[in-house]
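Let's take a walk through this one, from the overall layout down to a handful of individual residues. Have the viewer open as you read.

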Amino acid sequence: MSTRISHATSDRVDVRGRDLVGDLMGRLSFTEYFHVLLTGREPTEDERFFLDLVLVSIAEHGLMPSNVAARMTLAADPESLQGAVAAGILGAGPVILGATEECAKLLERARARGAVEAVREIHDAKERVPGFGHPLHKPIDPRAERLFELADERGVSGPYVARSPASCALPSRRCGAGR
């Protein structure tokens, strides 16, 4: 079986053109391997650090609707692990999985047209600003606060961090500040 990501034969598995058994297993951490799957290359130290950080920050999302659907399905039929996984995947729509992509598109629009204009367009359309705000954590999600702090400490905060409303909420920053 072959895809652009992997190729498998009876005696070998290649991932992104590399031997899974001979090159990757035992050498890469799960986070580093995940990065290879996504990008085709091994992460830099900062990329590995922040991918690990993000994975840790979201690992507790046990009360998300898709997880609840999976749990309820498994409780109703403990023999149907595959059904429970499918229920969770089917329940993960654009509200849960789409915010990151939509936020990235917003940051691109903000770079091209200015943040105020980009957000004004969203408000005029009576839509929510994607990727910002949390129903529980007000005014800022403590996970986001820690991500921004560590990005500053490691010297990797960039223009998108500077444009982020969550970044502006930090005591150590002023809106629009950044590298």
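Helices and strands here are DSSP runs, a helix taking at least four residues and a strand at least two, and they are numbered from the N terminus. With that in hand, the elements of the protein chain run β-β-β-α-α-α-α-α-α-α-α-α-α-α from the N terminus on. The tally is 11 helices and 3 strands. Keep in mind that this is a predicted model.

**Confidence and burial**

How confident is the predictor across the protein chain, as an average pLDDT? The mean is 85, and 89% of the residues score at least 70. As for burial, 28% of the 179 residues in the protein chain count as buried.

**The sheet**

The strands make an open sheet of 3 strands in the order β1-β2-β3, paired antiparallel. β1 and β3 are the edge strands, each with a single partner, so one side of each has no neighbour in the sheet.

Start with the pairing of β1 (residues 6-9) and β2 (residues 12-15), which is antiparallel and has 4 bridges. Which residue in β2 is the bridge partner of alanine 8? That would be valine 13. Histidine 7, meanwhile, stands opposite aspartate 14 in β2. The link from β1 to β2 is a hairpin through 2 residues.

Moving on, β2 and β3 (residues 18-19) also run antiparallel, joined by 2 bridges. Here valine 15 stands opposite arginine 18 in β3. This hairpin, too, has 2 residues between its strands, and arginine 16 takes a positive phi there.

**Two residues with positive phi**

Most residues other than glycine have a negative phi. Arginine 16 is not a glycine, yet its phi is positive, at about 50 degrees. You'll find arginine 16 in the loop between β2 and β3. With a relative accessibility of 28%, it counts as partly exposed, since that class lies between under 20% for buried and over 50% for exposed.

Lysine 126 is another non-glycine residue with a positive phi, this one about 60 degrees. Lysine 126 belongs to the loop between α8 (115-124) and α9. Is lysine 126 buried or exposed? Its relative accessibility is 75%, so lysine 126 counts as exposed.

**A helix pair**

Two packed helices are described by the angle between their axes and the distance between the axes. For helix α4 (residues 65-76) and helix α5 (residues 81-90), the axes come within 7 Å and cross at roughly 160 degrees. That makes α4 roughly antiparallel to α5, because angles over 145 degrees are classed that way. The crossing of α4 past α5 is right-handed.

**Contacts across the chain**

Glutamate 108 has its place in helix α7 (residues 99-113), and its relative accessible area of 37% makes it partly exposed. Tyrosine 160 is 52 residues away from glutamate 108 along the chain, while their C-alpha atoms are separated by 8.6 Å.

Leucine 150 lies in helix α9. What does its 8% relative accessibility make leucine 150, buried or exposed? Leucine 150 counts as buried. From leucine 150 to phenylalanine 50 is 100 residues in sequence, against 8.8 Å in space, C-alpha to C-alpha.

Last stop: serine 157, in the loop between α9 (142-153) and α10 (159-163). Its relative accessible area is 5%, so serine 157 is buried. The side chain of serine 157 makes a polar contact of 2.5 Å with the side chain of aspartate 152.

Here are the accessibilities of the residues picked out above, side by side.

| Residue | Relative accessible area | Class |
|---|---|---|
| Serine 157 | 5% | buried |
| Leucine 150 | 8% | buried |
| Arginine 16 | 28% | partly exposed |
| Glutamate 108 | 37% | partly exposed |
| Lysine 126 | 75% | exposed |

Methods. Residues numbered from 1 in each chain as written. Predicted model: local features only at pLDDT ≥ 70, side-chain atom pairs only at ≥ 80, totals over all residues. Heavy atoms only, no water. Pairing = 2+ DSSP bridges. Buried < 20%, exposed > 50% of the residue type's maximum accessible area, 1.4 Å probe, protein only. Polar contact = N/O pair within 3.5 Å; in protein donor to acceptor, adjacent residues only side chain to side chain. pLDDT = per-residue confidence, 0-100. Axes fitted to C-alpha atoms, helices over the stretch in contact; angles between N-to-C directions. Parallel < 35°, antiparallel > 145°, perpendicular 65-115°, else oblique. Left-handed = near helix turned anticlockwise from the far one by under 90°.
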